[in-house]
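Please work through the following exercises with the sequence and the structure at hand. Each task is followed by a solution in steps.

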Amino acid sequence: MKKHSSHKTLNFGWRDFSSPEIKSEINSAKVISCKKKTNTKITPISNVVKNKSGGIKLPGLSKFHNNISKIAKKFSNNNKSSFRSVEAVYSGNYSLAGLDMKNRDVANKIYKFDEAYGMSRINMNPAMPGKYDLKSVRDRRIAANFARVMSKIAEDNVGGEIEGDDFWDVNRIMSRKISRESILKCRMSREKRRIVLLLDSSPSCSDYSNFYSKMAVVAAEYGDVEMYDAPNGHIVHRWSLRKKRFERFLTPQDILAGVSQWSLFRNRVVVIFSDYDAAGISLKNTIHNKVYYFCTEYGADHATSHIYNTARRITKNMSSVNTKNLVVYSGITNTRQFAKTAKKMK
């Protein structure tokens, strides 16, 4: 403020100016306090029963979406902190698992899991001595074809840019004139996303058990693959990298949350070996995932038409599918057909 100027209070009345035709409603508006007390009553969910066996309640699924490490950690902890509840589910002791079988929704989810688990014919120890150990020339060839398929699939589904030395970072190179950054530091890598591998061990695929066992042994040696036993597409066992075998891992809360029906998978690449029986669950999960379907049925046109007929039936039942996220390869019944398909993949 200048010297010798009169100290006058600034007038802020101009801020309350309103048109003469429109009456101001500011003064007439009632202010509602946000601190007003409300009587909120929490209604308990009827189909959630306290787990008597000490299992951990599954948190919101969004915590696990796009977070592979948290999914792996959760599944590993299931056999530690929730071992009793896991065994109760697989043995059919639902009262010990704390499940209310009188609830229709709960009973329906348990029935679907029981049906899939009853059809599982997976070899729990496919890499034990006396089985395939990738020492023969033929088995090494299978491993090479499997690695080729996985690499081609991974090329189209690379993750975001991270710190590393695999590729040149063009943007950092172009900005070197300003940043004065060393050319040796203008490198980057791409985030590696682990591929989900599902093997159908249901009786309808029993003729291909020898082929699937070889796939399991090869996948066990391939570090960037999550492998599951999935009769008709429903997950019931997971492959343990530490134990080198398939193991039980689902808790009652996992089944109610739809984990066996791929509810934890979001923006993932899923490779499934199965017949037509897994078409429904695969199509339903194309909304959030990219699915590569290695179908045992012969005839590309026949397989495609069957898949699309299933898609139309699912859509008619008020469910959504995204056929653009589904790639079907037909007639994959043995290692020879798998090798031919691997060579044709672009």
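The exercises below move from the whole chain to its strands, its nonpolar residues and its salt bridges.

The model is predicted, so local features need pLDDT of at least 70 and side-chain atom pairs count only at pLDDT 80 or more, while totals for chains, interfaces and linings use all residues. Residues are numbered from 1 along each chain as its sequence is written, and side-chain values use heavy atoms, with hydrogens and water left out.

**Exercise 1. The chain as a whole**

Task: State the secondary structure content of the protein chain and the share of buried residues.

Solution. 
Step 1. The chain has 12 helices and 9 strands; these are DSSP runs (H or I of at least four residues for helices, E of at least two for strands), numbered from the N terminus.
Step 2. Of the 346 residues, 40% are buried. Buried means under 20% relative accessible area, exposed over 50%, and partly exposed in between (1.4 Å probe, protein chains only).
Step 3. Contacts are heavy atoms within 4.5 Å. Among contacts with a separation of 6 or more, 69% are between residues 24 or more positions apart.

**Exercise 2. Strand β3 and its partners**

Task: Determine which strands pair with β3 and how its side chains are placed.

Solution. 
Step 1. Two strands pair if DSSP finds at least two bridges between them. Strand β4 (residues 225-229) runs parallel to β3 and is joined to it by 5 bridges; L199 has D229 as its bridge partner in β4.
Step 2. β7 also pairs with β3 in the parallel sense, over 4 bridges, and V271 in β7 is the bridge partner of L197.
Step 3. On one side of β3 point I195, L197 and L199, and on the other V196 and L198. Because 5 of the 5 residues of β3 (residues 195-199) are buried, the strand is largely enclosed by the rest of the structure.

**Exercise 3. Nonpolar residues inside and on the surface**

Task: Identify the residues that touch the most other members of the largest nonpolar core, and locate a nonpolar surface patch.

Solution. 
Step 1. A nonpolar core is a set of buried Ala, Val, Leu, Ile, Met, Phe, Trp, Tyr and Cys residues joined through side-chain atoms within 4.5 Å. In the largest, of 40 residues, L198, Y228, I235, W262 and Y293 touch the most other members.
Step 2. Apart from it lies another core of 32 residues, including L199, A216, F246 and Y292.
Step 3. W262 is buried, at 0% relative accessibility. W262 sits in the loop between α9 (252-256) and β7 (269-274) and has a positive phi, near 75°.
Step 4. On the surface, W168, I173, I183 and L184 form a nonpolar patch with about 390 Å² of accessible area together. Patch residues have over 30% relative accessible area and no salt bridge; like charges are joined within 9 Å, nonpolar side chains (Val, Leu, Ile, Met, Phe, Trp, Tyr) within 5 Å. Accessible areas come from the Shrake-Rupley method with a 1.4 Å probe, and for residues only the protein chains shown count as cover.
Step 5. W168 belongs to strand β1 (residues 161-168) and is partly exposed, at 44%.

**Exercise 4. Salt bridges**

Task: Describe the salt bridges of D254 and E226.

Solution. 
Step 1. A salt bridge is a side-chain nitrogen of Lys or Arg within 4 Å of a carboxyl oxygen of Asp or Glu; the count is 7.
Step 2. D254 meets K74 at 2.9 Å, N to O. D254 lies in helix α9 and K74 in helix α1 (residues 68-81), so the pair ties together parts 180 residues apart in sequence.
Step 3. D254 is buried at 0% relative accessible area, and K74 is buried at 11%.
Step 4. E226 forms a salt bridge with R268, the closest N and O atoms being 2.6 Å apart. E226 is in strand β4 and R268 in the loop between α9 and β7, 42 residues apart.
Step 5. Both E226 and R268 are buried.
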